[in-house]
Amino acid sequence: MSVVKLQQVSRAFPVGNKPIVALDKLDLTLEKGEFVVLRGASGSGKSTLLNLIGAMDDPDGGEVYIHDQALSTLSDRQKSKLRSRYIGFIFQSFNLIPVLTALENVQYPLSLQKVPNAQAKARAAEALEQVGLADFIHRRPNQLSGGQMQRVAIARAIVTKPDIILADEPTANLDSETSTQIMDLLGELNVQTGLTFLFATHHDFVLSRASRVLELKDGKIIKDDKLRGLTSVKTKAS
Amino acid sequence: MLKLKLALLNVLRNGRRSFITLLAIQFGVISLILMGGFFASMYEGMRENVIRSQLGHIQIYSEGFNQFGSQEPEQYLIDPDVLKQVVEQVEGLEQVALVTPRLNFTGLLTDGSKSLAVIVEGINPDKEALLSSAVRLTQGEDLFDEDLEGALIGDGLFNSLNLEIGQSLTLMATTADGSFDARDITATGAISTGTREVDNRFIRMNLKHAQELMYTQGVTRLVVLLNDTNQTETVMALLQAQFAEKGLALELRSWSDLADYYHEVVNLFDGIFTVVQFIVLVIVLLGIVNTMVMAVMERTPEIGTIRAMGATRFEIISLFVSEAFILGLIGSVLGVVFSILLAQGITASEIMMPTPPGSSQTYPIRIFTESDLLLKNALFGLAIAVISSIYPAVKASRMVITQALRFA
Ligand SMILES: Nc1ncnc2c1ncn2[C@@H]1O[C@H](COP(=O)(O)OP(=O)(O)O)[C@@H](O)[C@H]1O
Ligand SMILES: [Mg+2]
């Protein structure tokens with residue numbers, strides 16, 4: 001069963017009287033455990049695609065399926081629940097809640113799932129340990145470096161054990177060394193947990209981690225390379 | 001748990017804005033408590049004044065007096081034997097401070113040159129002195145039982161006739177059997193009941209002397225003073241039952257039944273209070289809605305993030321409403337505390353109030369802080385905060401997630 005499936009998905013934005021076509025009749029299927037790098041120049045439609053898969057935006061044509069569930073049939077509330085259960089987000093500017101500590105930030109998506117407080121705390125601490133921040137759990141975002149903040153955001157994305165993690169240029173605000181560390185971390189998590197990643201970037205250095213590289217141009221997929229066999233990932237994951 | 005903590009932290013996050021919101025809520029709560037507390041003290045002052053100058057707490061009449069007594073007052077007097085029985089019975093109740101008879105009639109007062117229509121009240125001077133503690137002697141001396149001819153003249157009347165203490169006057173009246181008679185009285189003092197209209201036409205004289213003039217042994221009414229105004233209803237019910245049991249043809253009226261003017265003033269001021277309440281509501285609402293909308297705008301990326309993580313619209317609404325609830329709670333509690341302090345300060349300052357409407361006496365300002373007034377206005381403050389957060393909260397919940405996230 002595919003985690004994500006897009007059929008003939010189009011999305012256009014009305015700008016002036018001539019709409020800008022951000023995605024043009026796109027077909028795409030993502031399988032469990034894939035580490036997909038989504039490349040493309042700025043304005044090629046990467047964010048638009050991630051937003052549609054993340055059930056935060058609606059296509060103008062075609063259908064997006066998460067777990068074979070057609071998103072167009074869902075209410076806003078059902079989409080919220082679907083995001084909470086199946087999707088993790090990592091953003092370019094980290095998007096941590098400034099008043100909460102690292103631990104509380106990671107706990108927050110669990111509290112949306114109504115996980116009991118003590119249990120949520122334990123799971124959040126565990127996720128922070130997985131991203132190497134065991135010693136920083138009580139710090140606020142403004143007491144952390146950029147790389148540390150993004151690690152907290154990663155912990156927050158994985159703590160709910162989603163099916164897919166959508167990362168929209170998560171290293172764009174980080175220096176290259178930190179970016180590499182973050183990429184290593186995501187790669188490890190992919191291998192260790194079998195999590196599916198969809199990773200949008202316009203940098204090339206991430207390619208070594210990828211199991212599949214998609215290239216977008218003007219709203220169309222112009223290249224779809226599978227780099228390493230999925231089976232190996234699955235073997236390591238299981 | 002974490003959600004509540006987040007709401008609390010958000011309240012603390014922008015101190016200046018929360019402070020402004022708190023000030024607005026406190027302004028609302030304090031102004032309404034002080035105004036309500038002032039009105040309550042005014043109502044109580046009016047009530048106790050009218051009770052202790054004219055009405056007592058309960059009045060007892062012969063049956064039919066209230067319906068027909070104004071046409072033929074002499075037909076509806078309480079007979080002496082009934083009077084004695086009733087007085088004993090009423091005096092036996094522990095809630096009763098005293099009971100005293102009055103004989104009321106209209107007459108013509110003349111000083112030899114001028115004549116004026118007057119309202120006369122024959123009283124039992126010793127007991128009446130205790131009951132009518134709000135009747136002030138403005139000149140001369142009080143009545144006493146032994147001085148049959150003595151009379152107290154309302155000070156408006158006293159001044160308009162240009163009287164002097166000790167001056168002799170003639171009082172004429174229609175007697176109980178329909179003829180016409182006159183008695184001499186002596187002005188021993190001038191009194192003020194607190195109600196100007198009454199003071200312009202009012203005379204009090206010795207009951208025995210009044211009865212002689214009217215050719216009767218009866219009285220118009222028995223006036224009962226209780227230890228506490230709150231006991232009025234209870235004692236009314238008690239007496240009603242006792243009179244029915246003994247077969248006494250009497251009827252009862254409470255001060256509230258008789259104090260039309262009091263009720264008119266209370267209704268008027270309650271109306272004013274409602275209007276002020278509405279104005280305060282609008283002012284505070286406008287003040288808070290604005291700051292809350294700003295708070296929502298400022299946190300646009302955060303709202304997008306939380307929505308992306310799977311928060312429903314309702315959860316966004318409840319986040320902002322709970323922040324408002326916390327602010328409302330703090331604002332109301334502070335408002336109540338400051339109100340109590342201010343009320344005590346103002347009351348202790350003993351600033352004299354302008355004369356109340358229809359009254360001829362002034363009082364120092366007093367502000368009551370009864371618990372139901374405090375509770376009602378604390379809830380009012382809480383409600384304002386929550387109500388004013390609904391529009392911004394809904395606005396936040398309706399944000400387009402992808403657009404909200406772009407502000408990150
Ligand atoms: N909300 C929007 N309104 C108007 N145009 C938009 C909007 N979002 C995206 N676009 C346009 O759609 C195209 C694709 O944008 P985007 O998906 O953000 O590309 P990328 O993430 O690859 O840089 C761009 O031309 C962009 O200007
Ligand atoms: Mg983008």
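**Entry 1: charges and surface of chain A**

I began with the charges of chain A. It carries 29 positive and 26 negative charges, and their mean positions lie 4 Å apart. I note here that the model is predicted. Next I looked up the surface. Chain A has an accessible surface of about 10,300 Å². Carbon and sulfur atoms hold 48% of that.

**Entry 2: fold of chain A**

I then turned to secondary structure. Chain A has seven helices and 10 strands. I checked its dimensions next. A box of roughly 50 × 40 × 40 Å along the principal axes holds the C-alpha atoms of chain A. The radius of gyration is 17 Å. For 238 residues a compact globule would come near 18 Å, so the value for chain A agrees with that. I also looked up burial: 54% of the 238 residues count as buried. For contacts in chain A with a separation of 6 or more, I find that 71% join residues 24 or more positions apart.

**Entry 3: contact between chains A and B**

How many residues does each chain bring to the contact? I find 26 from chain A and 23 from chain B. The area buried between the two chains is about 2,400 Å². Carbon and sulfur atoms give 65% of this area. On the chain A side, Val99(A), Tyr108(A) and Leu112(A) lose the most area to chain B. Together they make up 23% of what that side buries.

**Entry 4: Ala324(B)**

I moved to chain B and picked Ala324(B). It sits in helix H13, residues 313-349. Is Ala324(B) buried or exposed? Its relative accessibility is 1%, which is under the 20% cut-off, so Ala324(B) counts as buried. I listed what it touches, leaving out residues up to four places away in sequence: Met292(B), Ala385(B), Val386(B) and Ser389(B). I also took one C-alpha separation. Ala324(B) and Ala393(B) are 69 residues apart along the chain, and their C-alpha atoms are 9.7 Å apart.

**Entry 5: two positive phi angles in chain B**

I looked at backbone angles last. Most residues other than glycine have a negative phi. Tyr215(B) is not a glycine, yet its phi is positive, about 55°. I placed Tyr215(B) in the loop between helix H8 (207-214) and strand E9 (221-226). Its relative accessible area is 44%, so Tyr215(B) is partly exposed. Glu350(B), also not a glycine, has a positive phi of about 55°. Glu350(B) lies in the loop between H13 and helix H14 (371-397). With a relative accessible area of 55%, over the 50% cut-off, Glu350(B) is exposed.

Conventions:
Residues are numbered from 1 along each chain as its sequence is written. Chains are lettered from A and ligands numbered from 1 in the order in which they are written. This is a predicted model: local features need pLDDT of at least 70, side-chain atom pairs count only at pLDDT 80 or more; totals for chains, interfaces and linings use all residues. Side-chain values use heavy atoms; hydrogens and water are left out. Helices (H or I, at least four residues) and strands (E, at least two) are DSSP runs, numbered from the N terminus. The radius of gyration is taken over C-alpha atoms; the globule rule is 2.2 Å times the number of residues to the power 0.38. Buried means under 20% relative accessible area, exposed over 50%, partly exposed in between (1.4 Å probe, protein chains only). Contact means heavy atoms within 4.5 Å. Accessible areas come from the Shrake-Rupley method with a 1.4 Å probe; for residues, only the protein chains shown count as cover. Lys and Arg count as positive and Asp and Glu as negative; His and the chain ends are not counted. The place of a charge is taken as NZ of Lys, CZ of Arg, CG of Asp or CD of Glu. Buried area is the accessible area (1.4 Å probe) that two parts lose on being put together, summed over both.
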